[in-house]
Amino acid sequence: MQNNPAGLQLDLSGCLRHFLSIAGLSRDLLTEMMDTAESFGSVAEQAVKKVPLLRGKTVVNLFFENSTRTRTTFELAAKRLSADVLNVNIATSSTSKGESLLDTIRNLEAMHVDMFVVRHSSSGAAHFIASHVAPHISVINAGDGSHAHPTQAMLDMFTIRQYKGAIEGLIVVIVGDIRHSRVARSQIRALTTLGAKEVRVIAPRTLLPKDIQSLGAHVFETIDHALSGADVVIGLRLQKERMSGAFLPSEHEYFARFGLTEQRLKLASKDVIVMHPGPINREVEMESRVVDGSRAVILQQVSNGIAIRMATMAMTMSTVNQMRSQQQK
Amino acid sequence: MQNNPAGLQLDLSGCLRHFLSIAGLSRDLLTEMMDTAESFGSVAEQAVKKVPLLRGKTVVNLFFENSTRTRTTFELAAKRLSADVLNVNIATSSTSKGESLLDTIRNLEAMHVDMFVVRHSSSGAAHFIASHVAPHISVINAGDGSHAHPTQAMLDMFTIRQYKGAIEGLIVVIVGDIRHSRVARSQIRALTTLGAKEVRVIAPRTLLPKDIQSLGAHVFETIDHALSGADVVIGLRLQKERMSGAFLPSEHEYFARFGLTEQRLKLASKDVIVMHPGPINREVEMESRVVDGSRAVILQQVSNGIAIRMATMAMTMSTVNQMRSQQQK
Amino acid sequence: MQNNPAGLQLDLSGCLRHFLSIAGLSRDLLTEMMDTAESFGSVAEQAVKKVPLLRGKTVVNLFFENSTRTRTTFELAAKRLSADVLNVNIATSSTSKGESLLDTIRNLEAMHVDMFVVRHSSSGAAHFIASHVAPHISVINAGDGSHAHPTQAMLDMFTIRQYKGAIEGLIVVIVGDIRHSRVARSQIRALTTLGAKEVRVIAPRTLLPKDIQSLGAHVFETIDHALSGADVVIGLRLQKERMSGAFLPSEHEYFARFGLTEQRLKLASKDVIVMHPGPINREVEMESRVVDGSRAVILQQVSNGIAIRMATMAMTMSTVNQMRSQQQK
């Protein structure tokens, strides 16, 4: 994994060339991404939900980890940009014949594909691929291990901006398994870059990472303290498989100590919004009344996911096209 | 499940808004569907097998039950209407992460999809989804439990009409596992709505449903009686897994008592046609001579399946578009 | 399997109607295929990698054997020709419900598809299908048992021609498991048809077929002799599953006796090129220095795979279209 992901992500004029993590990206660039997503938001409302920006381009969903939900949003985003989409599930492909990751990449490159959307269980996989691909290819990180999930973070920022006007000055609370969450890591970076007043995290001790302070988040001891005056509350998905180990007490106990309830949300700002990356374990991370209530913007997050993914695809492709046309001069 | 599916299926002016079951649909509407399918039949003969009716629309094949054959026909129908198609196999998706059906639907809705083609092992699943989706979405039932398979029934009606001119006045025989067959249930409803003179059913006693008389079909005791003077004979697929239980004697015995043979078909009308929804168990439901003989219209049923599915997609989308444009006024 | 595949592959004026094997095809026709591929090579370099030749056509990838890599190249080729693509994995389809291969074909035909790309573990499967399909359908063999893999052979010929100007007069060495390799069989036929000076094969005795001499290849005893003066060296993939049986010594011993090394390649012509159909077992079939070295044209083979597949699709579709328009006169 490269130490300077910004260098890898940007071209010489500072345009987005890959989208791997929030780290190293400027407030201006993240704002441009949200502005671009906003312009794509209306495409979904049109009778013909298509723009020809990526016509004749081939987008490869390179999923080393199964995720129908995320794959679906990227596939829709690519198709609405008029790209051809190739779904490559690597579990069933030639890496199982012993081919290395790099050989797989080289082969797809040789087929003149234009973009890799990469999902991998190992942190750094998307960076690794980005640092090895041919100059005409963009890489978008669709989640790598517990490292980063930058499109999820940016759709969250975009959603917050829609409801709050700006990220600046907000108090944002993240509740849940921070330790194993690439989503939380990317959210904290995006929130601090975009000027949030305070990012609060609360989790069972076993689910807090050691480096949490260095990310710029404040650890709270009780959910009531954390929620006090909050503008945005983000619940994280609890991996059921962690429940059986030493990490966590029972689901019931987790809900009692960390579950988001209507009652508890009274401590937050009057206009608080509630977010969740999905899928939700109802009555574990939050009660159904909250999920289906007026504060929840969870489905708007899903809609915005398409727009943000269209934006990242359009921005990176545009950068690559410019690099290429400059090369040809 | 709603008690009045017609109300759910039609908009206020009586146009098809979802296609969930034959029940409650008028003879005029079923005829309109066949007329529409007829107009699409020629698309398959063109050099460019495309019409732009659903361009920029997203059709989701939401299959909770595996069926390559049915999924394929809907996928082809959607693509020939120029739609984007998303295949979502729910066994591998987030419901396996504990997400509820309704949460899955809400998520896909939020991605601004336009149509759900639903296959589910539970009766009423498509109705349930249709009664909960957003107003801009159409639902098409691609088979729910033992309840209904309306596109299959309508492609059968369309095929009968092609060969016989009309359904009115015909004697139609359905042979086989009526009890577990959503196809048979939908066929009987469609046949009676469209004015068939008589619908005869014949099956081992264990494979007859209790409510069969109320559907308007007449139970026959021997296949020879049933076939006498028949204009159309429809063989149903025998689920092999039912053979091992108490439901059925051996395959051999089944064929002896219920198998369609050239010999037996001599009892039917001289111009009898033989149908089957496929896939066929040769020498069980019917002998190969019949399957490959001149009376069989089984492959024409498959061709018509594309046209009928195009028709239902075009009709429901058109209704939704009209509802939307009226709303905007 | 038909004894005269050329008859099956060509129409009355000698145009390619199916592409099943190299056997029986003339030097002129193979040259035409390479010329067509060359014209498609530039499509991959365009900003919009699309030509409308197969717009509105439906190409079915009918894979009875899993192969993400080959399926992917055909899917990309079809999409770049603007066709609709249907991936049918037969393991999960209705043949598992007991439907015969021919019934599956008849059903897809009835859906008015235009082309079958067939991969099957049985030799002759593509021929069988081609000899039974409707006149408006083309069949392309994407590998059948140990019989033939003609698009792989032709992409190899196309690659050799790019680097060497022509096949004529060249000394070509094929190293590895000739016996189980459909690739080798098709390569030898193509090389001899196109006028290679000498085709040399070298393999462990257990991995040589009995009919190898009749194909026109010369068996060599040591790799050093085989490489002497060679213009092209093709390494074949070693199936790991063969290593455990009686066929082969250890991987280590195989590499020692047959592995391609920089050292050994010094015996070949100064301008030798090294090829491999992929995926490669590094340090078994060849050392990494060779794979990643300047003599290897392995990734160019992959690029050319798209162009050759586009060429075969375009040629066969064009023949079928002409047959149809003549019929209509």
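The legends below describe close-up views of a predicted model.

**View 1. The open sheet of chain C and its edges.** Five strands of chain C form an open sheet in the order β7-β6-β5-β8-β9, and their pairing is parallel. Strands β7 (218-219) and β9 (273-275) of chain C lie at the edges with a single partner strand each, so one side of each is left without a neighbour in the sheet.

**View 2. Strands β5 and β8 of chain C, with helix α7.** Strand β5 (residues 171-175) of chain C runs parallel to strand β8 (residues 232-235) of chain C, and four bridges join the two. Within this pairing, Val173(C) is found opposite Val233(C) in β8(C). Helix α7 (residues 182-193) of chain C packs on the sheet, where it touches β5, β6 (198-202) and β8 of chain C, and its direction makes about 175 degrees with that of β5(C).

**View 3. Helix α3 of chain B and the residue that follows.** Helix α3 of chain B, which comprises 13 residues (68-80), spans 18 Å from its first C-alpha to its last, close to the 18 Å expected at 1.5 Å a residue. This helix, α3(B), is mostly covered, with 13 of its 13 residues buried. Just after α3(B), Ser82(B) adopts a positive phi of about 75 degrees.

**View 4. The interface of chain A and chain C.** Here 24 residues of chain A are in contact with 24 residues of chain C, and the two chains bury about 2,200 Å² between them, 50% of it on carbon and sulfur atoms. Three salt bridges are found across the interface of chain A and chain C. Lys49(C) forms a salt bridge with Asp114(A), in which the closest N and O atoms are 2.7 Å apart.

Notes
Residues are numbered from 1 along each chain as its sequence is written. Chains are lettered from A and ligands numbered from 1 in the order in which they are written. This is a predicted model: local features need pLDDT of at least 70, side-chain atom pairs count only at pLDDT 80 or more; totals for chains, interfaces and linings use all residues. Side-chain values use heavy atoms; hydrogens and water are left out. Two strands pair if DSSP finds at least two bridges between them. Contact means heavy atoms within 4.5 Å. Axes are lines fitted to C-alpha atoms, for helices over the stretch in contact, and angles run from 0 to 180 degrees between N-to-C directions. The expected span of a helix is 1.5 Å times one less than its number of residues. Buried means under 20% relative accessible area, exposed over 50%, partly exposed in between (1.4 Å probe, protein chains only). Buried area is the accessible area (1.4 Å probe) that two parts lose on being put together, summed over both. A salt bridge is a side-chain nitrogen of Lys or Arg within 4 Å of a carboxyl oxygen of Asp or Glu.
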